[in-house]
Amino acid sequence: MTVIDSYLDTLFAPYPDSPRLREARTELRALMEDQQQALMDAGRTESQAVGAVIAEFGSLDEVAAELGITAELDGTAADTGPTAPTILGTERAEEYVEAVRRGRWIPAVAIPLFVLSALPLLLLIAVGGEEPSGWALGAGLTALLILVAVGVVLLVLQGSRMEEFEDIDEARFSPTPAVREIARTLRREHRRERTLATGAAIMLWILAAVPVILVGVLTDAGSLAPLYGVCATLAMVALGLWILLRSAWSDTAAAALLQEEDEDDLSATSTSPAIRVVAAVYWPVAAAIYLAWSFLSGEWGITWVVWPIAGVLYAGLWSASAALGSAADDTRSRTRRA
């Protein structure tokens, strides 16, 4: 089966198998093959010619009048389920890539804000001593909520910016060979950037527990000084997230154009929805555990151990994600070559 046959199968699938539509399909196939041959005679490769032909013909509604099947489509579309997917052209695909690139700073700022949300509270507790005042706790909790709110607003803003590309994000389109090549080229061109960013982020996460451990070892038992180390740990984790997420835009755009959003594999750039959820809630949950334990037990000089444990676990999570994502990419590359 040729690429044109597959495209036509998708185009006519939502409609009943009537004699008139079968005839229209044959006519459209002949037109597309003639156009493909003309492009190949002009010097284009077969894949380039097919991509150009599919992009030119577009959806079935656009050629219905020429084929004389407007009445058939109008009379059956409401009763046959979803309409045929639109054909994504190269121009709109490039607009989508550019929109993702321009908005790459939003998740790179929003998600680190979730990590940093507990930092003001911890600093105020450390400054206040073993019995922090009510105003310090109130101010710290207020700052925590503000930072979380800003992060949420930024993510909502990102969703609003990308509404016009909702069909691409939800894979409600048929990618042409030219669009697939745009996605693969995007990944190739930014692979080095993603690799370096991933390595830097993982290094920061692995070392994130060091400030807490050093301060804990060098200070007296019962002191709140380890909280300063915790703050440094949070800052290192947030910096790693900023580096990683800022470089992940190219893989995010490529995955959408290649319709990979339903895959369960973790990517080397940690763009999986599951990873984004973990990144958003991990440190606020750790802060909640720390505060609950501290207030209930009153042992502020001991409960700080929550942070190095959380830091090590977090570094392990992201290191495993990167390793699994790299392995998945290698497997897909070998499959394509085969």
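Which residues in α11 meet which residues in α14? The views below take up this contact and several others.

**Figure 1. The whole chain, a predicted model.** Local features need pLDDT of at least 70, side-chain atom pairs count only at pLDDT 80 or more, and totals for chains, interfaces and linings use all residues. Residues are numbered from 1 along each chain as its sequence is written, and side-chain values use heavy atoms, with hydrogens and water left out. The chain holds 16 helices and two strands. Both kinds of element are DSSP runs numbered from the N terminus: H or I over at least four residues for helices, E over at least two for strands. Of the 338 residues, 44% are buried. Buried means under 20% relative accessible area, exposed means over 50%, and partly exposed lies in between (1.4 Å probe, protein chains only). The accessible surface is about 16900 Å², and carbon and sulfur atoms account for 61% of that surface. These areas come from the Shrake-Rupley method with a 1.4 Å probe; for residues, only the protein chains shown count as cover. Contact means heavy atoms within 4.5 Å. Among contacts between residues at least 6 apart in sequence, 78% join residues at least 24 apart.

**Figure 2. Helix α11 against helix α14.** Helix α11 covers residues 177-207. Its axis and that of α14 are 9 Å apart, at an angle of about 160°. Axes are lines fitted to C-alpha atoms, for helices over the stretch in contact, and angles run from 0 to 180 degrees between N-to-C directions. The two helices are therefore roughly antiparallel. The cut-offs are under 35 degrees for roughly parallel, over 145 for roughly antiparallel and 65 to 115 for roughly perpendicular, with the rest oblique. The crossing of α11 and α14 is left-handed. Left-handed means that the near helix is turned anticlockwise from the far one by less than a right angle; right-handed means clockwise. From α11 come V179, I182, A183, L186, R187, H190, E193 and R194. They meet W249, S250, D251, A253, A254, A255 and L257 of α14. By class, the contact of α11 with α14 has nine nonpolar, two polar and four charged residues. Ala, Val, Leu, Ile, Met, Phe, Trp, Tyr, Cys and Pro count as nonpolar, Asp, Glu, Lys and Arg as charged, and the others, Gly among them, as polar.

**Figure 3. Helix α6 against helix α14.** Helix α6 (residues 90-102) packs on α14 (residues 249-257) at about 150°, and their axes are 9 Å apart. The pair is therefore roughly antiparallel. Here the crossing is right-handed. On α6, the contact uses A93, Y96, V97, V100 and R101. On α14, W249, T252, A253, A256 and L257 take part. The contact of α6 with α14 has eight nonpolar residues, one polar and one charged.

Figure 4. The buried residues are W249, S250, D251, A253, A254, A255, A256 and L257. Just after α14, Q259 takes a positive phi of about 60°.

**Figure 5. Helix α8 against helix α9.** Helix α8 spans residues 119-128, and helix α9 spans residues 134-161. They pack at about 165°, with axes 7 Å apart. They are therefore roughly antiparallel, and they cross in a right-handed way. P120, L121, L124 and I125 represent α8 in the contact. Their partners in α9 are W135, A136, L137, A139, G140, L141, A143 and L147. This contact of α8 with α9 has 11 nonpolar residues, one polar and no charged.

**Figure 6. P107 in helix α7.** Helix α7 runs over residues 105-116. P107 is partly exposed, at 21% relative accessible area. Leaving out residues up to four places away in sequence, P107 touches P112, L155, Q158 and L245. P107 and A248 are 141 residues apart in sequence, yet 9.8 Å apart C-alpha to C-alpha.

**Figure 7. Q36 and E46.** Q36 sits in helix α2 (residues 19-41), and E46 in helix α3 (residues 46-57). Is each residue buried or exposed? Q36 is buried at 12% relative accessibility, whereas E46 is exposed at 53%. Their C-alpha atoms lie 7.7 Å apart, and 10 residues separate them in sequence. Not counting residues up to four places away, Q36 touches I4, E46, A49, V50 and V53.
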